[in-house]
Amino acid sequence: MRILVINPNSSAEMTESVEEVLHRIRRPDTELSVVCTPEAPVSIQSARDVALSVPPMLEIIRRADSDGVDAVIIACFSDPGLEAAKEVSSALVLGIQETSLHVASLLGHKYTILTPLASRIASKEQDVRRFKAEPACASVRALGMTVLETEADPARTKARIFEVARAAMEEDGAEVMILGCAGMTGYADDIERELGIVVLDPTSVTLKVAEGLGDLNIRHCKHGLYASPAAA
Amino acid sequence: MKILVININTSEAITDKMRGVIEGVKRPDTHVDVICPTKGPDTIDSSFDEAYAVPPTLELVKQANQDGYDAILLGCFCDAGVEAAREISESPVIAMEEATFSVALTLGNKFGLLTEKRPRIAMKERHVRRAGLLQRLASIRALGLSTADLAAQPEETKRRGIELARRMVEEDGAEVIIMGCAAMAGYNDVLQAELGVPVLDPTVVSFKFAEMIADTGVSHSRVGLYHPPLPKTIR
């Protein structure tokens with residue numbers, strides 16, 4: 001099975017770290033290609049960044065789709081351009097946010113999304129509504145660090161994830177924690193062990209969902225919301 | 001007062017039509033410019049089209065801030081790029097769909113949304129849900145005619161639009177109707193007289209909303225959802 005993972009920003013470092021994690025957990029027969037989007041901003045932390053990252057990302061997806069890829073994963077927790085990507089692609093397209101919100105609601109009564117910056121909480125809440133995942137949402141909480149700071153300071157990142165996750169568990173009733181940024185990748189096992197709750201790394205979860213749906217040859221519906229655009 | 005209306009598609013014909021409607025309802029002391037980007041799709045029919053319309057629109061929003069407009073109206077009943085536009089704008093940015101929903105809430109319990117194409121119903125519902133307004137939505141119904149039929153059969157379009165709006169009122173509990181389709185523009189008064197409920201034309205309503213916001217001198221909050229983006233390198 002051929003799966004394309006797109007990091008819709010232009011950071012090569014972030015792309016490499018996603019690639020490393022996914023290569024460890026992919027099935028031996030999954031042919032994985034992990035790419036970044038050279039024309040996009042270096043990180044995605046605002047609606048402006050999302051807007052600028054989507055057109056070049058869509059070009060990559062259209063090429064991959066015509067090359068016969070089996071599934072495409074948009075590996076950014078903002079799910080930039082997810083609806084447009086599903087419109088232009090006949091191959092399965094999964095966004096790591098939408099996928100992990102729905103998987104989280106299978107695993108516990110309520111989930112909390114951890115996001116880097118407090119200024120993005122409102123945007124995540126909007127996404128939760130967009131993806132029809134509101135009833136299971138306990139809270140959205142921020143680490144108070146930028147994406148690049150989480151990349152640069154792993155020790156502080158881990159400490160903050162631990163503190164914020166514990167607060168979400170005790171104060172908001174969260175039973176599942178979603179690490180809502182690529183910079184938080186790799187801490188799921190430790191946090192899960194220490195707090196005794198379920199912690200999801202969205203990119204890893206989404207790869208496994210893609211492999212599973214790919215096995216069953218299930219794709220998104222092309223009638224209605226994701227119908228092909230008229231003159232793409 | 002100086003207001004900029006950005007039709008986010010590149011069609012001069014649609015921009016001219018929009019200018020005509022707005023010139024007809026603006027206050028005498030309002031100066032209005034109605035423009036469209038030079039790059040991007042010439043109509044917006046999909047999320048794909050929206051994706052390509054937004055970056056050129058953002059450039060116009062940036063420029064409008066330098067040019068000292070008191071308010072900026074994004075003239076597309078899909079609100080593409082509104083969050084990004086607000087992030088980069090000091091001037092208030094009014095979104096046509098959101099402004100029309102907001103006004104509808106003040107006129108009745110639930111609103112019904114009339115749209116053109118059936119495939120867009122799901123996306124409209126998603127917009128309503130994202131705005132947190134699902135409880136105030138009666139229904140979304142589509143004319144379901146092709147663009148060619150809409151143009152060729154104005155009487156049939158009108159008849160069907162009235163019929164659908166009537167069913168939204170009688171069967172779905174709509175107390176306000178939003179005319180979310182350009183093909184029905186101009187039939188507001190007919191519809192309002194036929195049905196006896198308020199009928200909102202998004203272009204008109206959102207423009208008057210923009211004048212009101214400019215009058216009050218408030219702009220969008222910059223502490224949360226519309227926080228200015230961090231400075232960064234964009235190649």
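Is the crossing of α1(A) and α9(A) left-handed or right-handed?

Mentor: A caution comes before the answer. This is a predicted model. Now the pair. The crossing of α1(A) and α9(A) is right-handed. Helix α1 of chain A covers residues 12-25, and helix α9 of chain A covers residues 202-215. They pack at an angle of about 45°, and their axes lie 10 Å apart. That angle makes α1(A) oblique to α9(A).

From α1(A) come Val18(A), Val21(A), Leu22(A) and Ile25(A). Facing them in α9(A) are Thr203(A), Ser204(A) and Leu207(A).

Keep Leu207(A) in view. Among the contacts of Ile73(A), beyond its neighbours within four places in sequence, are Leu207(A), Thr206(A) and Ala210(A). Ile73(A) also touches Ile3(A), Val5(A), Ile6(A), Leu94(A) and Ile96(A). Ile73(A) belongs to the largest nonpolar core, which has 138 residues. Along with Val72(A) and Met177(A), Ile73(A) touches the most other members of that core. Helix α2 (residues 47-66) of chain A gives the core its largest share, ten residues.

Now the domains. Chain A is split into domain 1 (2-95 + 205-215) and domain 2 (98-202). Their C-alpha centres are 20 Å apart. Where they touch, domain 1 of chain A gives 17 residues and domain 2 of chain A gives 20. On the domain 1 side, α1, β4 (92-95) and α9 of chain A each supply at least two residues. The largest share of that side is five residues, from α1(A).

For a helix pair, take α4 (residues 96-105) and α9 (residues 202-216) of chain B. Their angle is about 85° and their axes are 9 Å apart. That makes α4(B) roughly perpendicular to α9(B). Met96(B), Glu97(B), Ala99(B), Thr100(B) and Val103(B) in α4(B) make the contact on one side. Pro202(B), Thr203(B), Val205(B), Ser206(B) and Phe209(B) in α9(B) make it on the other.

Next, the two chains together. In chain A, 36 residues are in contact with 32 residues of chain B. The elements α2, α3 (82-88) and α5 (121-130) of chain A each supply at least two residues of the chain A side. α2(A) gives the largest share, nine residues. Recall that α2(A) also gives the largest share of the core.

Two residues show this contact in detail. Glu87(A) lies in helix α3 of chain A. Glu87(A) is buried because 26 other C-beta atoms lie within 10 Å, and the cut-off is 20. Glu98(A) is eleven residues from Glu87(A) in sequence, and their C-alpha atoms are 16 Å apart.

Ser43(A) sits in the loop between β2 (31-36) and α2 of chain A. With 24 other C-beta atoms within 10 Å, Ser43(A) is buried. Leaving out its neighbours within four places in sequence, Ser43(A) is in contact with Asn9(A), Ser11(A), Val147(A), Leu148(A) and Lys232(B). Thr150(A) lies 107 residues away from Ser43(A) in sequence, and 12 Å away in space, C-alpha to C-alpha.

Finish with the backbone. Most residues other than glycine have a negative phi. Asp79(A) has a positive phi, near 45°. Asp79(A) is found in the loop between β3 (71-74) and α3 of chain A. Asp79(A) counts as buried because it has 23 C-beta neighbours inside 10 Å. Asp79(B) has a positive phi as well, about 60°. Asp79(B) is in the loop between β3 (71-74) and α3 (82-87) of chain B. With 22 C-beta neighbours inside 10 Å, Asp79(B) counts as buried.

Definitions and conventions: Residues numbered from 1 in each chain as written. Chains lettered and ligands numbered in written order. Predicted model: local features only at pLDDT ≥ 70, side-chain atom pairs only at ≥ 80, totals over all residues. Core = buried A, V, L, I, M, F, W, Y, C linked by C-beta atoms within 7 Å. Buried ≥ 20, exposed ≤ 12 C-beta atoms within 10 Å, placed from the backbone. Helix = DSSP H or I, 4+ residues; strand = E, 2+ residues; numbered from the N terminus. Contact = placed C-beta atoms within 7 Å. Axes fitted to C-alpha atoms, helices over the stretch in contact; angles between N-to-C directions. Parallel < 35°, antiparallel > 145°, perpendicular 65-115°, else oblique. Left-handed = near helix turned anticlockwise from the far one by under 90°. Domains from an automatic or database assignment.
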